[in-house]
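Keep the sequence and the structure side by side as you read.

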Amino acid sequence: MAKGQRKAGSAKSEIVAALPKACADDLAAVEFFEARRWGVTGPCCPRCGDTDVYKMTDRKTGQRNRRYLWMCQGCKKQYTVRVGTVLEESLIPLRHWAYAFWAGAASKKGVSSMQIQRMTGLSYKSALFMMHRVRFAMAEDWKGQPKLSGIVETDETYVGGRPRNKQLRPGPRIGKGKKTPVVSLVERGGNIRSFVTVDVTAANVGRILAENVSRDSHLMTDSAAIYMRGPVTKPFARHGFTDHSRGQYAKPDGTHSNTVESSFSLLKRGIYGTFHNVSRKHLHRYVAEFDFRWNARKVDDGERLARAIRGAEGKRLRYKEPVATLPPAPIQGTPF
């Protein structure tokens, strides 16, 4: 071994070391997801929460049930590790889900559904189905969580390309031209929170700041008109800004918004270089994916993957709501 050369696999965590087998074997994938979901608290029923559960096995061979079922002694119902997560009722093998979570957590600028299709052999529709649910698992619900504090940078960017047909058409214009605005808040040394908005106005940005930033924070922005107005920045302890129009990007006292702008560079490189085109309808999912990786940047790939799998619990994402939850259709011939 050459001097300074690292032993193969020495930098991998135990989670990453177990992934190649989990991505190739269904039983290994099931055990991998079970360990990530129940490794700390132990297996429990996702329906009633009872911990008096056991694995169902074949009486003749002693091997696990072909569907990898568990039995709950409390509610007397069967379940798998998929139940109660974004994986529920999916027919995609768990080994492909393991690869999708791994790729999504470890790729700095994301992984496209076409790449997942090529690597797994799934159809594009299935790969897209799977990756949207991985992004949904990564998404954070910031309601009820502590607000950002300390030094907080905020800025906005516009995602999207130039319209192919340059002829002006009637209808509402979103952001700059047909682009979609994204407002991001970054706590220096901490987390990022990004929001897809209809338009960047003092009212919209002011509401986002009020709901997510503590009043005793030092807010840092550029010199955009919305930040120069009192109602947006006045509630906070201090407000510092840089004037980019004069070539000012940082002040000696540490005032700048370069941190939040660096997060935009990752988002843009991912959108333009990996995904190429993202509709406004699904943009919030891609933004949540990039926020997740930013917030988990200080941990290794294995722990980041484990956080994504744990985030899948308690979430469901369907193509459409089940028919049973929709209002009944009116009977023909009767008044509506």
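**Charged pairs**

The side chains of aspartate 26 and arginine 95 form a salt bridge, at 2.9 Å from N to O. The term salt bridge here means a side-chain nitrogen of Lys or Arg within 4 Å of a carboxyl oxygen of Asp or Glu. Aspartate 26 sits in helix α2 and arginine 95 in helix α3, so this pair ties together parts that are 69 residues apart in sequence. Helices (H or I, at least four residues) and strands (E, at least two) are DSSP runs, numbered from the N terminus. Aspartate 26 is partly exposed, with a relative accessible area of 29%. Arginine 95 is partly exposed too, at 24%. On this scale, buried means under 20% relative accessible area, exposed means over 50%, and partly exposed lies in between (1.4 Å probe, protein chains only).

A word on the source: this is a predicted model, in which local features need pLDDT of at least 70 and side-chain atom pairs count only at pLDDT 80 or more, while totals for chains, interfaces and linings use all residues. Residues are numbered from 1 along each chain as its sequence is written, and side-chain values use heavy atoms, with hydrogens and water left out.

The whole structure holds 13 salt bridges. Another one joins glutamate 88 and arginine 316, at 3.4 Å from N to O. Glutamate 88 lies in the loop between β3 and α3, and arginine 316 in the segment after α11, so the pair ties together parts that are 228 residues apart in sequence. Arginine 316 is partly exposed, with a relative accessible area of 27%. Aspartate 301 and arginine 304 also meet in a salt bridge, at 2.5 Å from N to O. Both lie in helix α11, 3 residues apart, which is about one turn of the helix. Aspartate 301 is partly exposed at 33% relative accessible area, whereas arginine 304 is buried at 9%. Salt bridges with shared partners also join Glu88, Glu89 and Arg316 into one network.

**A buried arginine**

Now turn to arginine 82. It lies in the loop between β3 (78–79) and α3 (94–106). Leaving aside neighbours within four places in sequence, arginine 82 is in contact (heavy atoms within 4.5 Å) with residues including Arg37, Glu88 and Trp97.

**The cores**

The chain has 11 helices and 8 strands. Buried residues make up 41% of its 336 residues. The largest nonpolar core has 42 residues, and Phe33, Trp97 and Phe101 have the most contacts inside it. Such a core is a set of buried Ala, Val, Leu, Ile, Met, Phe, Trp, Tyr and Cys residues joined through side-chain atoms within 4.5 Å. Among the elements that each supply at least two residues of this core are α1 (14–22), α2 (26–38), α5 (124–138) and α11 (301–311). A second, separate core of 15 residues includes Leu148, Val200, Val213 and Val232.

Phenylalanine 101 touches Phe33, Val134, Leu305 and Ile309, among others, not counting residues up to four places away in sequence. Phe32, Phe33, Trp97 and Phe101 form one aromatic cluster.

**Ring against ring**

The structure holds 7 aromatic pairs. Rings of Phe, Tyr and Trp (its six-membered ring) pair if their centres lie within 6.5 Å; planes under 30 degrees apart count as stacked, over 60 as edge-to-face and the rest as tilted. The rings of tryptophan 38 and tyrosine 79 have centres 6.1 Å apart and planes at 85°, so they are edge-to-face. Tryptophan 38 is in helix α2 and tyrosine 79 in strand β3, 41 residues apart, and the pair links distant parts of the chain. Both residues are buried.

Phenylalanine 275 and tyrosine 286 are also edge-to-face, with 4.7 Å from centre to centre and 70° between the planes. Phenylalanine 275 lies in helix α9 (residues 258–275) and tyrosine 286 in helix α10 (residues 283–295), so the pair ties together parts that are 11 residues apart in sequence. Phenylalanine 275 is buried at 11% relative accessible area, and tyrosine 286 is buried at 8%.
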